[in-house]
Amino acid sequence: MLLCIFSVAATVSANKHEHRAVWMSAFIQDWPSSLITASNANSTKKICESNLDSLQRNNFTTIYYHVRTMADAMYNSKYEPWSKYVSPSRGEAPAFDPFEYLIESSHKCGIEVYAWLNPYRYCISKNGVYGSGGSELDYERTHT
């Protein structure tokens, strides 16, 4: 009987150390798949919970969440403006902080979350227009 209990404990411990990861990004519309507004905040959170349920059922242990795409942030930052991929306009706060919500919800499921970022990319258009915006945190205002 003691051997059986030890065997189960060893199996649980081994699975906990496996690294089964997924990359998630609002940039390619994984989650959130649309801008976060007051009218869709609850449905956006439910989509996150559904995604997490699926990841948990399929034994994923880790999410790499794309938090910085182009000198912007998918979280409340004092250094970068809010990304236009999660808010109605660059620099404007969405209805809730998606990164904070993802972390809190993932931890309830036993899933770890890591920030994945592009440290250097500023724009994707040929003329560099993307990075420009009205926020006081925009790169061209803080680094001129």
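**Aromatic pairs in a predicted model**

The structure holds eight aromatic pairs. Rings of Phe, Tyr and Trp (its six-membered ring) pair if their centres lie within 6.5 Å; planes under 30 degrees apart count as stacked, over 60 as edge-to-face and the rest as tilted. This is a predicted model: local features need pLDDT of at least 70, side-chain atom pairs count only at pLDDT 80 or more, and totals for chains, interfaces and linings use all residues. Residues are numbered from 1 along each chain as its sequence is written, and side-chain values use heavy atoms, with hydrogens and water left out.

**Tryptophan 23 and tryptophan 116**

- The ring centres of tryptophan 23 and tryptophan 116 are 5.4 Å apart and the planes stand at 80 degrees, so this pair is edge-to-face.
- Tryptophan 23 lies in strand 1 (residues 21–24) and tryptophan 116 in strand 3 (residues 112–117), so the pair ties together parts 93 residues apart in sequence.
- Helices (H or I, at least four residues) and strands (E, at least two) are DSSP runs, numbered from the N terminus.
- Tryptophan 23 counts as partly exposed, at 34% relative accessibility.
- Tryptophan 116 is partly exposed too, at 34%.
- Buried means under 20% relative accessible area, exposed over 50%, and partly exposed in between (1.4 Å probe, protein chains only).

**Tryptophan 31 and phenylalanine 96**

- The rings of tryptophan 31 and phenylalanine 96 have centres 6.4 Å apart and planes at 35 degrees, so the pair is tilted.
- Tryptophan 31 sits in the loop between strand 1 and helix 2 (41–57).
- Phenylalanine 96 is in the loop between strand 2 (62–68) and helix 3 (98–108), 65 residues apart from tryptophan 31.
- Tryptophan 31 is buried, with a relative accessible area of 1%.
- Phenylalanine 96 also counts as buried, at 10%.
- Ring pairs join Trp31 and Phe96 with Tyr65, Tyr75, Phe99 and Tyr101 in a cluster.

**Charges over rings**

- The charged end of lysine 45 sits over the ring of phenylalanine 96, 4.9 Å from its centre.
- Lysine 84 lies over the face of tyrosine 85, 5.9 Å from the ring centre.
- The criterion is NZ of Lys or CZ of Arg within 6 Å of the ring centre and within 35 degrees of the ring normal.

**Whole protein**

- The protein has four helices and three strands.
- Along the sequence they follow the pattern α-β-α-β-α-β-α.
- Of its 144 residues, 35% count as buried.
- Among contacts (heavy atoms within 4.5 Å) between residues at least 6 apart in sequence, 62% join residues at least 24 apart.
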